[in-house]
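Please read it with the sequence and the coordinates at hand.

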Protein chains: 2
Amino acid sequence: MKNSQLYKGSLNTIIMKLLEENGKMYGYEITQKVKAITQGELNITEGALYPALHKLEAEGLLDVEIEKVDNRMRKYYKLTESGEKETMNRLSELEDFIRNMQSLVNPKLEF
Amino acid sequence: MKNSQLYKGSLNTIIMKLLEENGKMYGYEITQKVKAITQGELNITEGALYPALHKLEAEGLLDVEIEKVDNRMRKYYKLTESGEKETMNRLSELEDFIRNMQSLVNPKLEF
DNA sequence: TTGTTATGTATAAGAATCTTATGTATGTTT
DNA sequence: AAACATACATAAGATTCTTATACATAACAA
């Protein structure tokens, strides 16, 4: 990641949401996609990404499929069935989190 | 904290924002305030709160003032000058963070 | 051709933040 | 008398991340 500590804990949710949207993606592709979407503000480091992917796979939330493209290895990840269900939960948690943070920071508004 | 990992990294920002708003607060009061604002969804644990307060104080962002109320000790914290400046930075980072997360999770909408 | 950048994955050491458990102490309610 | 609320504190361990390093291929620039 980059910058503030705020992103701590959100990497798994980001990965799963992107996979839900794009079907299958490989690690490097995820870093580039995130960088593009956030206009360069969020840079996922390999040291954070790969262990996270391996853990999600070990938990049965992701399936992996190795391909060779241009003589370079790619490991494509996609959500398992249980991964899709868990993605729904995580997104719901993220909505609650954002709502709560806005309530704390912006107490004048109603949410 | 409670629940999802998402809150990891946001505790300092929460503390500083509450202090900015309320002038001075003591630890237990902060936990109760957060619980009330989030309608019970976010429970800050003492094991997270007190070390965080001590660290912010050590960094010169908070000042402490001890009072005895009803024969019980209270440590009131308030922002220092540099703490107020830093609070502005953290709130700005939080806004960026929320905006980026919404872009990632809700790519259909414009932000 | 040699160095740098981009693509692509991986791990290990250490930092930072948190959970869980425990400890101390007083006041209030059951 | 026991449980709960108020009030602070720390220590052990878990989790997540940063930083650094490693390997490998391809493209591009000096």
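How many residues of chain A are in contact with residues of chain B? In this predicted model, 30 residues of chain A are in contact with 30 residues of chain B. Between them the two chains bury about 3,000 Å², and 72% of this area lies on carbon and sulfur atoms.

**The interface of chains A and B**

- On the side of chain A, the residues that lose the most area to chain B are A:Leu6, A:Phe97 and A:Leu104, which together account for 24% of what that side buries.
- Two salt bridges are counted between chain A and chain B, and a salt bridge links A:Glu41 with B:Arg99, where the closest N and O atoms are 3.8 Å apart.
- Five residue pairs across the interface are found in polar contact, with both residues at pLDDT 80 or more.
- Helices α1, α2 and α4 (81-105) of chain A each supply at least two residues of the side that touches chain B, and α4(A) gives the most, with 13 residues.
- By residue class, the side of chain A that touches chain B divides into 14 nonpolar, nine polar and seven charged residues.

**Helix α2 of chain A**

- Within helix α2 of chain A, which spans residues 27-37, the residues A:Gly27, A:Ile30, A:Thr31 and A:Val34 are buried.
- Seen down the helix axis, the buried residues of α2(A) fall within an arc of 100 degrees, and therefore they line one face of the helix.
- An α-helix has 3.6 residues a turn, so residues three or four places apart point the same way.
- The exposed residues A:Tyr28 and A:Ala36 are carried by the face of α2(A) that is turned away from its buried side.
- The cover over the buried residues of α2(A) includes α1 (11-22), β1 (25-26), α3 (46-58) and β3 (72-79) of chain A, and it also includes α4 (81-105) of chain B.
- After α2(A) comes A:Gln39, which has a positive phi, near 55 degrees.

**B:Pro107**

- B:Pro107 is found in the segment after α4 of chain B, and B:Pro107 is partly exposed, with a relative accessible area of 34%.
- Leaving aside residues up to four places away in sequence, B:Pro107 touches A:Lys17 and A:Glu21 in chain A, as well as B:Gln102 in chain B.
- B:Pro107 and B:Lys55 are 52 residues apart along the chain, and their C-alpha atoms are separated by 37 Å.

Note on methods. Residues numbered from 1 in each chain as written. Chains lettered and ligands numbered in written order. Predicted model: local features only at pLDDT ≥ 70, side-chain atom pairs only at ≥ 80, totals over all residues. Heavy atoms only, no water. Buried < 20%, exposed > 50% of the residue type's maximum accessible area, 1.4 Å probe, protein only. Helix = DSSP H or I, 4+ residues; strand = E, 2+ residues; numbered from the N terminus. Arc of directions from axis to C-beta. Contact = heavy atoms within 4.5 Å. Buried area = accessible area lost by both parts, 1.4 Å probe. Salt bridge = Lys/Arg side-chain N within 4 Å of Asp/Glu carboxyl O. Polar contact = N/O pair within 3.5 Å; in protein donor to acceptor, adjacent residues only side chain to side chain. Nonpolar A, V, L, I, M, F, W, Y, C, P; charged D, E, K, R; others polar.
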